[in-house]
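User: I am new to this structure and would like to learn how to read it. Could you walk me through some of its features?

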Amino acid sequence: MGIRTVEQYKESLKDGRRVYISGEKVADITKHPILGITCDTIGAGYELTASKNPDVKNLFVAPHPETGEPINRLFITPKGPEDLANRTKIIQRSIQLTGGLPFGKDIGTDCLNAAFVVAGQMGKKEYQENAKNFLEHLRANDLHTCGAVSCVKGDRSKEPARQKHPDYYLRVVDRNKEGIIVKGAKIHITSAPAANEIIVVPTRQMRENEGDYAVSFAIPANTEGVTFICRGGRGPWSNREFHPDRPVRELTEAMIVFDNVFVPWERVFMCGEWQFSMLLAYTFATFHRFTAISYKVPSVEVMAGCAVAMAKYNGLEKVGHIRDKLADIAAYVETLRALANAAAQNPVMYGEIAVPNPLIANMAKLHFAGKYHEFIKLIQDIAGGIIATSPDRRDWDNPDIHDYLEHYLGGSEKYSTLERMQMIHETMRHVCSHESAFHEVTTVHAEGSMAAQKMMILAESPLAQYETMAKVAAGILPPASF
Ligand SMILES: Cc1cc2nc3c(=O)[nH]c(=O)nc-3n(C[C@H](O)[C@H](O)[C@H](O)COP(=O)(O)OP(=O)(O)OC[C@H]3O[C@@H](n4cnc5c(N)ncnc54)[C@H](O)[C@@H]3O)c2cc1C
């Protein structure tokens, strides 16, 4: 098949999967008012690969490296900077074209690319074969994958084997000639209820006595014993909003419970090799933070645009302190863009596979997360209190009060009141809403907490070299001869 239509994708979700949301079991997620939005968001990715515009099609569809058959370009395992830069382009263009992120293959391939690297490092032919065959299955059937990494973790101060419940981290509870049985729960998994395949990767480094927790595999979403418990989302736009014509884009996260789930050996990428669990978690995190910084760029560009536009609607674009804040806003966005590009341009090679530069990818994610709330504060400051108290679309549409709004909520006379109201509401979405609070937390935690990024920055930075240079400068060590 190679490339599926959006209809084929949606039809594939009617496969008997067990999905719950707000206490209700959902028979057909494509028709559900919240989960249907997730299906549409993912579905937009299938519309892009079906595009009649050759520029769009050629970006999202690539020839299979061996057969030349058309496949989704995210299924190309990166071999160098160009392939990594293409991943960024795909992510950024899909947001621009569809208004959301059709996160249908990104996280899954972050997991699978990491599994390839680690299978190669382990020198285990069977895992390499399994990963390769699974990739071919994804390519041939154009499947949506989610990446299930975060375990529920229980008491964070305790390792997996010391927890009150041994399955607070997902683990192997039995194995036989045909495969393994796993038990546990993964949490916060983006777009999981609408995935065809779940790819599981360990959430952290495991120790010698934690071999059962060092497990990685892929299974179909309708596998017996798998249950999705989803976050209740916001649903469609209400008639209070000023942007009802654009589709809502949302990717519902879910907790995935694995209740004694059977995984055949041919779907296993790691089982017991605890010494390699760190490399798998670490390589996944690098790929995934690179994906993250790629999709964050267009999101913060739109937010920065709200600040620029609000400054103009308020007639303040030439005022000194506003320009100073706009400079900080632009520096935040452009530093992120520059770091994302640099991570692609300076990969670390594992055999033939190009992994985004881990130091730069982590610096970029830390820059994004560490300064995000400050960035939001600048936009809130420029926009004014109206983003907290604005009348809504229904007020605007009520003839009894419309003229008061039209008259009193105007700003700079260069622009209409309606335009200013539309921008106020767009800005509200990004910095003063239920949705923006969700994104503030997502920024801090999704793709790992800031402590996780600092840990990787410390591991990757040339600290010894800094120290030597300081000691040479202080006269403690002799200067290098030349
Ligand atoms: C919107 C969203 C989407 C997500 N999508 C996915 C996804 O698709 N797939 C996936 O696998 N995950 C996903 N995640 C999960 C994300 O990776 C985690 O939220 C993140 O790794 C933090 O883990 P946690 O939420 O369990 O927080 P916690 O681990 O509870 O962290 C809370 C704080 O405690 C600190 N901490 C935790 N443990 C320790 C320790 N042992 N020692 C010292 N400090 C510690 C952390 O650094 C942090 O500061 C998503 C998260 C969000 C919010």
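**Reading the model step by step**

Analyst: Let us start at the ligand: the shell around it has 7 nonpolar, 9 polar and 4 charged residues. Here Ala, Val, Leu, Ile, Met, Phe, Trp, Tyr, Cys and Pro count as nonpolar, Asp, Glu, Lys and Arg as charged, and the others, Gly among them, as polar. This is a predicted model, in which local features need pLDDT of at least 70 and side-chain atom pairs count only at pLDDT 80 or more, while totals for chains, interfaces and linings use all residues. Residues are numbered from 1 along each chain as its sequence is written.

User: How many residues surround the ligand, and which are the closest?

Analyst: A residue is near a molecule or strand if its C-beta atom, placed from the backbone, lies within 6 Å of it. In this model 20 residues surround the ligand, and the closest are V149, H188, T190, S449 and A451. Strand 5 (145–148), strand 7 and helix 14 (434–445) are the elements that give two or more residues to this shell. Helices (H or I, at least four residues) and strands (E, at least two) are DSSP runs, numbered from the N terminus.

User: Which domains does the shell around the ligand draw on?

Analyst: Domain bounds come from an automatic or database domain assignment. That assignment gives domain 1 (6–272) and domain 2 (279–463), and the shell draws at least three residues from each of them. The centres of the two domains, taken over C-alpha atoms, are separated by 26 Å.

User: How many residues of domain 1 are in contact with domain 2?

Analyst: Two residues are in contact if their C-beta atoms, placed from the backbone, lie within 7 Å. On that basis, 41 residues of domain 1 are in contact with 32 residues of domain 2. Helix 4 (81–98) and helix 5 (106–122) each supply at least two residues of the side of domain 1 that touches domain 2. Helix 5 gives the most to that side, with 12 residues. By class, the residues of this side of domain 1 are 19 nonpolar, 13 polar and 9 charged.

User: Now the sheet, please. In what order do its strands come?

Analyst: Two strands pair if DSSP finds at least two bridges between them. Here 6 strands form an open sheet with mixed pairing, in the order 2-1-10-11-7-6. Strand 2 (24–25) and strand 6 (171–175) are the edge strands, each pairing on one side only. Strand 6 runs antiparallel to strand 7 (residues 179–190), and 4 bridges join them. A hairpin links these two strands through 3 residues, and D174 stands opposite I181 in strand 7.

User: Which residues of helix 8 are buried?

Analyst: A residue is buried if 20 or more other C-beta atoms lie within 10 Å of its own, exposed if 12 or fewer, and partly exposed in between, with C-beta atoms placed from the backbone. In helix 8 the buried residues are I322, I329, V333, L336, L339, A340, A343 and A344. They pack against helix 4, helix 7 (277–313) and helix 9 (358–383). As background, an α-helix has 3.6 residues a turn, so residues three or four places apart point the same way.

User: What is I360 in contact with, beyond its neighbours in sequence?

Analyst: I360 lies in helix 9. Leaving aside neighbours within four places in sequence, I360 is in contact with L339, A342, A343 and N346. I360 counts as buried because it has 25 C-beta neighbours inside 10 Å.

User: Last one: is N260 buried or exposed, and what is its phi?

Analyst: Most residues other than glycine have a negative phi. N260, found in strand 11 (residues 253–264), has a positive phi of about 55° although it is not a glycine. N260 counts as exposed because it has 12 C-beta neighbours inside 10 Å. D142 also has a positive phi, near 55°, and sits in the loop between helix 6 (125–141) and strand 5. With 24 C-beta neighbours inside 10 Å, D142 counts as buried.
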